[in-house]
Amino acid sequence: MRDGFWYAVRMAYLYPYTAGVQVPSFFETDKIEPHGYFPEYLKIAADIGPSGKVCEIGAYYGESLRMWQALFPLGEVTGVDCNPDAVFPDGVIRVIKSQDDPSLVELGPFDLIVDDASHEGVLTDKTFSLMWRRVKPGGYYVIEDWYTGLVNGSATQYDPEMLVTVESLPHRLLSARNAECDSVTFRYGLAIAHKRRGAALEWKR
Ligand SMILES: C[S@@+](CC[C@H](N)C(=O)[O-])C[C@H]1O[C@@H](n2cnc3c(N)ncnc32)[C@H](O)[C@@H]1O
C-alpha cells in the first residue's frame, strides 16, 4: 500500500474521525491513537521527502511499517525485531536481530531511525550508540515512549533508566556549537534528535 503522503494523512488522520465517530485507524499503530505522534511524523516526512529511507526497530504486527511505506512512497523501509514472528509487510527489508546487535551498524544509512522496541533504558542507549552514526546529515533519530521511565508513565514498563538515556542526549549531542546534531526535541513520548545538514558524511565510510 504505497499511495503516498496525502493518502497516509487521509487514512491515518482523517479517516478515524469520519462523521465524528472514532473508528480504528487504517494503520493500527499506537503512534496514531492513543499517542498522537502522527502529526510530528508528518512534519518529519515532509522535511525528508518521499524518497526517505526509514528504519524502525520494533516491528510487532508491521502496522507502523505500513505507515512508513505510505509516508515514503518512493523510499525504502527496514524493520528490525528480535521476534521471528514479527510481521513485515511486503516490500519491507526484514531484519531479525536484537536492538543491541552490533551488526546493525551495517544497515543504512537512513533519513529516519525510530526506536520503538524494548523501551528499556540500557538497551535503548546501546541502540542509540550504535545507530546514531547511521543517520544521514539532515536526518532524524527518534526514541519513542520515553515516558515509560516515569513512575506514572506505564505501570508495566517502568524503567527509570529510560529517563537516564533520554536525558543524556543534549549533553551527548549538543555540547559543541558545531556538533553534528543541531537539535534535540522532547515532546510527549518522543525524543527527536536531528543531524545537522552539514554534518560529516561518516556514513560514507
Ligand atoms: C511496541 S512494539 C512495536 C510497535 C510497532 N512499532 C508499531 O508501532 O506498530 C515493540 C516490538 O519490539 C520488539 N522488541 C522488544 N525488545 C526488543 C529487542 N531487544 N530487540 C529488538 N526488538 C525488540 C518486540 O518483539 C515488539 O515486536
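**Entry 1: the E6–E7 pair.** I looked up E6 and strand E7 (residues 190–195) and found them paired in the antiparallel sense over 6 bridges. Two strands pair if DSSP finds at least two bridges between them. The model is predicted: local features need pLDDT of at least 70, side-chain atom pairs count only at pLDDT 80 or more, and totals for chains, interfaces and linings use all residues. Residues are numbered from 1 along each chain as its sequence is written.

I noted two positions in this pair. Cys181 has Lys195 of E7 as its bridge partner, and Arg187 stands opposite Leu190 in E7. E6 and E7 form a hairpin with 2 residues between them. In the turn, Gly189 has a positive phi of about 80 degrees.

**Entry 2: the sheet.** I then followed the sheet across. It is open, has 7 strands in the order E3-E2-E1-E4-E5-E7-E6, and its pairing is mixed. Strand E3 (93–96) and strand E6 (181–187) stand at the edges with a single partner strand each, so one side of each has no neighbour in the sheet. Neighbouring strands of this sheet are turned by 15 degrees against each other on average, direction ignored.

**Entry 3: the whole chain.** I counted 6 helices and 7 strands in the protein chain. Helices (H or I, at least four residues) and strands (E, at least two) are DSSP runs, numbered from the N terminus. From the N terminus on, the order of elements is α-α-β-α-β-β-β-α-β-α-α-β-β. Of the 205 residues in the protein chain, 42% are buried. Buried means 20 or more other C-beta atoms within 10 Å of a residue's own, exposed means 12 or fewer, and partly exposed lies in between, with C-beta atoms placed from the backbone.

**Entry 4: helices on the sheet.** Helix H2 (residues 38–48) lies across E4, strand E5 (135–144), E6 and E7, and runs at about 160 degrees to E4. Helix H4 (residues 121–131) lies across E1, E4 and E5, at about 175 degrees to E5. The axes are lines fitted to C-alpha atoms, for helices over the stretch in contact, and angles run from 0 to 180 degrees between N-to-C directions.

**Entry 5: Asp115.** I found Asp115 in strand E4 (residues 110–115). Asp115 counts as buried because it has 25 C-beta neighbours inside 10 Å. Leaving aside neighbours within four places in sequence, the contacts of Asp115 include Ile57, Gly58, Gln99 and Ile143. Contact means C-beta atoms, placed from the backbone, within 7 Å. Asp115 and Ile143 are 28 residues apart in sequence, yet 5.0 Å apart in space, C-alpha to C-alpha.

**Entry 6: around the ligand.** I listed 20 residues around the ligand, of which Thr29, Gly58, Ser64, Gln99 and Ser118 come nearest. A residue is near if its C-beta atom, placed from the backbone, lies within 6 Å. Strand E1 (53–57) and helix H3 (63–71) are the elements that give two or more residues to this shell. The shell residues divide into 7 nonpolar, 7 polar and 6 charged. I also checked H3 for cover: 8 of its 9 residues are buried, including Ser64 and Trp68.

**Entry 7: the core.** The largest nonpolar core has 47 residues, and Leu112, Ile113, Tyr140 and Tyr141 have the most contacts inside it. Such a core is a set of buried Ala, Val, Leu, Ile, Met, Phe, Trp, Tyr and Cys residues joined through C-beta atoms within 7 Å. Not counting residues up to four places away in sequence, Tyr140 touches Ile44, Leu112, Val135, Ile192, Ala193 and His194.

Conventions:
Contact = placed C-beta atoms within 7 Å. Nonpolar A, V, L, I, M, F, W, Y, C, P; charged D, E, K, R; others polar.
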